[in-house]
Amino acid sequence: MATTTATRSFLQAVATEEVATPLRVVQTEGLVILKIIKHCKDHSPSLVTGQLLGLDVGSVLEVTNCFPFPMREEDEEIEADGANYQLEMMRCLREVNVDNNTVGWYQSTLLGSYQTVELIETFMNYQENIRRCVCIIYDPSRADQGVLALKALKLSDSFMKLYRSNNFTGEKLREKNLSWVDIFEEIPIKVSNSALISAFMTELEPDTPVTRCDFDRLQLSTSSLMERNMEF
């Protein structure tokens with residue numbers, strides 16, 4: 001009887017912890033960001049996808065590695081080869097002791113057109129096996145304008161409940177007070193590097209900021225109003 005009570009208390013504690021720790025931030029290594037940007041930019045304007053690997057730790061989803069998927073084709077045999085490719089990549093990463101836990105996927109988009117039915121269905125398929133997963137969206141077209149168009153998305157809990165009820169209609173959306181803005185939730189992305197990578201990047205810097213200063217601006221003769229400005 002005591003064992004049953006202890007087991008029940010443990011399960012309740014686990015359930016309470018799951019509810020009490022929602023996903024707050026996606027912590028991504030800098031190398032993962034560079035891989036995603038390179039893959040999406042090399043194949044732009046074609047849309048590409050890839051797998052995200054890492055760990056789910058409390059309220060933080062750590063993304064430590066990724067790899068690209070082969071280009072999608074309509075042929076079923078080629079799609080089966082793509083699935084085998086993913087399994088083979090996961091096996092190879094496991095053999096070299098690299099994080100091989102799937103935490104989501106990334107995909108490119110064009111001009112911000114990522115909110116599609118296919119994205120929702122992919123989320124639902126992932127969450128049948130993964131409790132929490134995210135999709136990192138990257139837009140190479142906006143990157144050409146000097147903007148790092150990178151965001152992490154997940155389906156909102158209220159929308160997932162409605163979608164799983166198989167009663168996904170316009171009337172139900174109005175009844176639940178849901179709009180297209182409430183379908184996805186954007187999770188903040190935090191870029192983090194290891195101490196070794198940070199030290200290596202410091203060594204790559206050619207000069208310190210002090211040696212790159214423009215000492216000419218310290219000459220007082222450059223401004224006839226310098227003395228008056230200092231008095232003011």
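1. Leu47 is exposed, at 56% relative accessible area (exposed means over 50%, buried under 20%, partly exposed in between, with a 1.4 Å probe and protein chains only). Leu47 sits in the loop between helix 2 (30-42) and strand 2 (49-57); helices (H or I, at least four residues) and strands (E, at least two) are DSSP runs numbered from the N terminus.

2. The model is predicted: local features need pLDDT of at least 70 and side-chain atom pairs pLDDT 80 or more, whereas totals for chains, interfaces and linings use all residues. Residues are numbered from 1 along each chain as its sequence is written, and side-chain values use heavy atoms, without hydrogens and water.

3. The chain has nine helices and eight strands. Of its 232 residues, 29% are buried.

4. Five aromatic pairs are counted (ring centres of Phe, Tyr and Trp, the latter by its six-membered ring, within 6.5 Å; planes under 30 degrees apart are stacked, over 60 edge-to-face, the rest tilted). One of them, Trp105 with Tyr126, is stacked, at 4.6 Å centre to centre and 25° between the planes. Trp105 belongs to strand 4 (residues 102-108) and Tyr126 to helix 4 (residues 117-126), so this pair ties together parts 21 residues apart in sequence. Trp105 is buried at 2% relative accessible area, and Tyr126 is buried at 17%.

5. Phe123 and Phe184 make a tilted pair, with ring centres 6.2 Å apart and planes at 50°. Phe123 is buried at 0% relative accessibility and Phe184 at 10%. Trp105, Phe123, Tyr126 and Phe184 form one aromatic cluster.
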